[in-house]
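User: Please take a close look at one part of this model, and take me through it in one connected account.

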Amino acid sequence: MRRVLALACLILGLISAPARAETDALRSTGNLGVIIERASGSVLIVDRTAHAILDRVEGFGDLSHASVVFSSDARFAFVFGRDGGLTRLDLLTGAITGRVMQAGNSIGGAISDDGALVAVANYKPGGVRVFDADTLEPVASYDTGAKTIGLVDLPGRRFAFTTWDTGETWIADLSAPDLEAVVIEGIGANPYDALLSPDGRSYIAGLFGEDGLTRLDMWDDTPEPQRILPGYGRGEEPLPVYKMPHLEGWAQAGDRFVLPAIGHHEVLWVDAKDFTEAGRTKVHGQPVFAVARPGGRQVWVNFAHPLNDTLQVLDTQSGEVIETLKPGPAVLHMEFSPRGNEVWVSVRDAGVVQVYDTESFELIAELPANDPSGIFFTARAHRLGL
Amino acid sequence: MAEGRVLALALVAIPLVASAEPDPAHLERLVIQDCGSCHGLTRKGGLGPDLRAESLSHWDADGLTEIILDGIPGTAMPPWRPLLTEAEAQWIAQYLLTTE
């Protein structure tokens, strides 16, 4: 009897859903992405080429300042929530396939170059915890005794991260038998974020507590802190900072790259060879993200509260602002398509995500979203240091 | 010259209007979203400290109002005086002390 029933179900299933089964079975993830809906603790799964929302998944907890990395096969998104939750989402089925509350309060994560380990940086308790990407079982824990920021993956199954309170950069080697970490002191006062160059060589921490940034050469056996752009504020009184800038995406074009100045309405151009200042551009407000369009022809900048209704586009050759857009209230994040033809922009207080053509600057699509913040496309799975 | 004076007058008028009536919906959203950047959407803390009512029980509204307006020098807490009126800062201080 049971066998007959099962057979009946199978036949019914085959008859009723052949089209769906076929598309589900053959869907790829290369054009998928996720959008964080920060206030409702939900995540949208999107198709970036169709400009379509495929699914809304709930149950991620507090997603303020959430970030995402992808499994090496770009099927799973690891979502890092502010409340310490680490959640794995299957982009093909929309199912949550694992969730751990790994700390009380966290800030971001990274995945190792081999895709085997996921690391999370925490404010409380301070430090980094590392988990098996398949099972989400704990693998290692690094107690830095301080709020920990700027977590990136390094080649060779390593992670680098930096402490806000104590100005240390830790390099944890998860390929070593004892999982040891090297601690480099003297990074500077209150590093607020850090980024890694696409070749994995330069790790640069931005400083809130002093005028300048610190670079570590990760190709060096014993990296030494190198202060770059010291005194870039040139004694000018810094403005109140209502939102910390993010250092994400190495905005390099030719021989120079760009960084947000903290407390000033400027972005700073840095010589990519010797890390000296190579110019600066006055912009609309205090930059939060200064991200290069893939290929490096433009840099797109958004701004801190209360000037956060604007986006500016800089030409990387001239360093000049070539376009000013007003997407709407609270522009929080930008994500480029992997080849840079489009950029997605979250406009939190308008409740939309906008898609712009990066050649014409035309608005080409708009998707509804509930307090959208971070946007993450699966192409990130294949890039170092995100 | 005349144009400049009109513009200046207009700029002054905006905060005066705002100070008469703090807008609770606007301020609550500001607390959740913009204070939340550092203190968490649920005010459990982040780069900045925990701002839940029970964690602030040793504070009074005037002390909090002062911190909101003038910030805490040497820390990441900025002065909000350029963006908020005293009445708005007081409303936020009360909100933090009384709202879960």
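Which residues of chain B does the UniProt annotation "domain: Cytochrome c" cover?

Analyst: The model is a predicted one, in which local features need pLDDT of at least 70 and side-chain atom pairs count only at pLDDT 80 or more, while totals for chains, interfaces and linings use all residues. Residues are numbered from 1 along each chain as its sequence is written, chains are lettered from A and ligands numbered from 1 in the order in which they are written, and side-chain values use heavy atoms, with hydrogens and water left out.

According to the unreviewed UniProt entry, the annotation covers residues 22–100 of chain B, although such annotations may be inferred rather than shown by experiment. This span is 49% helix and 0% strand, with its end C-alpha atoms 20 Å apart; helices (H or I, at least four residues) and strands (E, at least two) are DSSP runs.

As for the contact between the chains (heavy atoms within 4.5 Å), 24 residues of chain A and 22 residues of chain B take part. Together the two chains bury about 1,900 Å², of which 51% is on carbon and sulfur atoms, where buried area is the accessible area (1.4 Å probe) lost on putting the two parts together, summed over both.

Between chain A and chain B there are 3 salt bridges, each a side-chain nitrogen of Lys or Arg within 4 Å of a carboxyl oxygen of Asp or Glu. A salt bridge joins the side chains of B:R29 and A:D371, at 2.9 Å from N to O.
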